[in-house]
Amino acid sequence: MATLRELKGRIGSVASSEKITGAMKMISSAKMHRAESDLRRLLPFRQQIENIIGNLLSADAEFSSPLTEEREVKSIAVVVFGSDDGLCGAYNINIFKELLATVRSYRERFGENVKIAVIPVGSKMAKATSRMALPGVSVEQQTDVDSKSSGDAVKAFTRRLEDRFLAADFDRIDLLYMNFQSVSRQRPKCDQLLPVSSDAFKNEDVKAICRPYIFEPDAATIFVSVLPMFLLAVVQEVFTENRASEQAARIMAMQSANDNAKKLLEQLQLEFNKLRQQSITTELLDIVGGQIKND
């Protein structure tokens, strides 16, 4: 049975843990709101590029780009996004499970002989994928990009993916990440990055504002120039969504840990009070017993 001193020490430890998880929740909340703000700033840029391409596609012209070339799929790269830090619950586990399901779907769709290259972003995902031992699946670790990368690092990473697609190292490149919907809701999502599909510019929002334009230079040249900008906007958005989803998962994990700490603190406090009351009662009985003997 625990002593009063031991229980007091445990109560102090749990109380400290409660304060730490509360502080971490507040920090993660601030980081998540910053990532949400970044997403809102990125949205107009991507929408404008989609509108430009939508207008180009509505023009009476022929378009072709190496980035839209459909090839027989013999080699696939899937960029899987995770976190660099822990304490975010089952965030990385859920993404890794989705990665395994995606690999199985590739086998079913493109055949058992298709080669699959997994490109992890984030140290936790890199560690998880390093233990993959599936036939035909290779893992390409990244040293110059992580889940916190932005700006020039994301741009260089995007250009490297483009170059490898153009060099026919991969016939298809997908992005697997956690789609941010709200603090309590994130869902794994796999989007095709390359080749660029025209379906990405066939939504009603793009069609609604398409108007006749005179293009200078010609529409085909503009199309080829704008496509890399579209890819960069997509990858930047995925990086940002990944950061927002990670912080949202960490908020929920810290909230759960904080709730558990409160429950444990209440239980320990109750046990401490019972033991203290029992100790006081024992001391009183000893005092009363001593007085009786003296009488």
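This is a predicted model: local features need pLDDT of at least 70, side-chain atom pairs count only at pLDDT 80 or more; totals for chains, interfaces and linings use all residues.
In which helix is T102 found?

Figure 1. T102 belongs to helix α2, which spans residues 91–110. The relative accessible area of T102 is 6%, and T102 is buried because this value falls under the 20% cut-off. When neighbours within four places in sequence are left aside, T102 is in contact with L176 and C190.

**Figure 2. The largest nonpolar core.** This core has 35 residues, and those with the most contacts inside it are V79, I173, L175 and L193. Two or more residues are given to this core by each of the helices α1 (4–58), α4 (152–166) and α6 (219–294), and by each of the strands β1 (75–81), β2 (115–121), β4 (172–182) and β5 (185–194). The largest share, 13 residues, comes from α6.

**Figure 3. Contacts of L175.** Residues up to four places away in sequence are not counted here. L175 touches V79 and F81, as well as K189, C190, D191 and L193. L175 also touches V234, V235 and V238.

Figure 4. A separate core of 21 residues includes I95, Y106, V114 and V118.

**Figure 5. The setting of these views within the whole protein.** The protein contains six helices and five strands, and from the N terminus on its elements run α-β-α-β-α-β-α-β-β-α-α. Of its 295 residues, 40% count as buried. Among contacts with a separation of 6 or more, 79% join residues 24 or more positions apart. The protein exposes about 16800 Å², of which carbon and sulfur atoms supply 53%.

Definitions and conventions: Residues are numbered from 1 along each chain as its sequence is written. Side-chain values use heavy atoms; hydrogens and water are left out. Helices (H or I, at least four residues) and strands (E, at least two) are DSSP runs, numbered from the N terminus. Buried means under 20% relative accessible area, exposed over 50%, partly exposed in between (1.4 Å probe, protein chains only). Contact means heavy atoms within 4.5 Å. A nonpolar core is a set of buried Ala, Val, Leu, Ile, Met, Phe, Trp, Tyr and Cys residues joined through side-chain atoms within 4.5 Å. Accessible areas come from the Shrake-Rupley method with a 1.4 Å probe; for residues, only the protein chains shown count as cover.
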